[in-house]
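Dear colleague,

Please find below the structure that I am handing over to you.

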Amino acid sequence: MQSGINIMETEPITIEGAKKLQDELSDLINNKRQKVIQAIAEAREHGDLKENAEYHAAKEEQGHIEGRIQQIQSILANAEIIDVTKLDKSNIKVVFGSTINVSDLDNENKIQFKIVGDDEADIELNLISYRSPVAKALIGKVKGDFVSVTTPKGEKSYEILKIVYK
């Protein structure tokens, strides 16, 4: 029986995703935090803090920065960094972190997806969360497999053309 300790599960993240978060964290701590502290100090010099819009705006910005710092630190603390370049390439199948080229069987468009963690997902860049319907349908499949998946835009059918661990 477990005691009342809440154990967080690790979340997968790609090397690129982890580096992007580490870079953002460094910028927040070393640049943005310092600028907002300076802005608060300057706003204080203007006198009455109750009517001081610059002071309140700077304090609000400080709250956002500190909140994001804590969020990134938590994500990184619970992250399991996956390096797909170190995976066995003799039996390539779709896994977290892999890049997949597919053909949309409805219109024959070629699409490239990369399966990433939730915090890295960006549909505009075809970075899809491993929890998305498309990623769930692709994971475990191999080149040449056909996949059908129900998406918010309806049923989609793909043929896997290429899988790369990069």
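**The cavity**

The largest cavity holds about 50 Å³ of space. On a 1 Å grid over the protein atoms alone, a cavity is a set of points where a 1.4 Å probe fits but cannot get out, while a pocket is an open set with protein on both sides within 12 Å along at least five of seven lines; lining residues have an atom within 4 Å of a point. Grid points are joined across faces, edges and corners, and a volume is the space filled by probe spheres set on the points. A search of the whole structure finds one cavity of 30 Å³ or more.

This is a predicted model, in which local features need pLDDT of at least 70 and side-chain atom pairs count only at pLDDT 80 or more, whereas totals for chains, interfaces and linings use all residues. Residues are numbered from 1 along each chain as its sequence is written, and side-chain values use heavy atoms, with hydrogens and water left out.

The lining of the largest cavity consists of E11, P12, I13, I75, A79, G117, D118, D119 and E120. Strand β1 contributes the most to this lining, with three residues; helices (H or I, at least four residues) and strands (E, at least two) are DSSP runs, numbered from the N terminus. By class, the lining of the largest cavity has four nonpolar residues, one polar and four charged. Here Ala, Val, Leu, Ile, Met, Phe, Trp, Tyr, Cys and Pro count as nonpolar, Asp, Glu, Lys and Arg as charged, and the others, Gly among them, as polar.

**Confidence**

The protein chain has a mean pLDDT of 90, and 95% of its residues reach 70 or more. Over residues 1–6 the pLDDT is below 50, and beyond near neighbours in sequence this stretch has one contact in the model. The pLDDT is the predictor's confidence in each residue, from 0 to 100, and contact means heavy atoms within 4.5 Å.

The largest pocket contains about 400 Å³ of space. It is lined by 18 residues, of which F113, I123, V134, T151 and Y158 are the closest to its centre. At least two lining residues come from each of β4 (110–116), β5 (127–129), α3 (133–138) and β7 (154–164), and β5 has the largest share, three residues. Ten residues of this lining are nonpolar, four are polar and four are charged.

The second largest pocket contains about 260 Å³ of space. Its lining has 17 residues, and G17, K20, D119, E120 and L127 lie nearest its centre. Helix α1 (15–44) is among the elements that each supply at least two residues, and α1 gives the most, with five. This lining divides into six nonpolar, three polar and eight charged residues.

**The strands**

Five of the six residues of strand β3 (residues 99–104) are buried, so β3 is largely enclosed by the rest of the structure. Buried means under 20% relative accessible area, exposed over 50%, and partly exposed in between (1.4 Å probe, protein chains only). β3 pairs with β4 in the antiparallel sense over five bridges, and S103 has K110 in β4 as its bridge partner. Two strands pair if DSSP finds at least two bridges between them. β3 and β4 form a hairpin with five residues between them, and E108 in the turn has a positive phi of about 65°. β3 also pairs with β7, in the antiparallel sense over six bridges, with N101 opposite K162.

In a regular strand the side chains alternate between the two faces of the sheet. β6 and β7 run antiparallel and are joined by six bridges, and a hairpin connects β6 to β7 through two residues. F146 stands opposite E159 in β7.

**Two individual residues**

I65 is located in helix α2 and is buried, with a relative accessible area of 4%. Not counting residues up to four places away in sequence, I65 touches L28, K32, R33 and V36.

A121 is found in the loop between β4 and β5 and counts as partly exposed, at 34% relative accessibility. With residues up to four places away in sequence left out, A121 touches V116, L127, I128 and S129.

With kind regards
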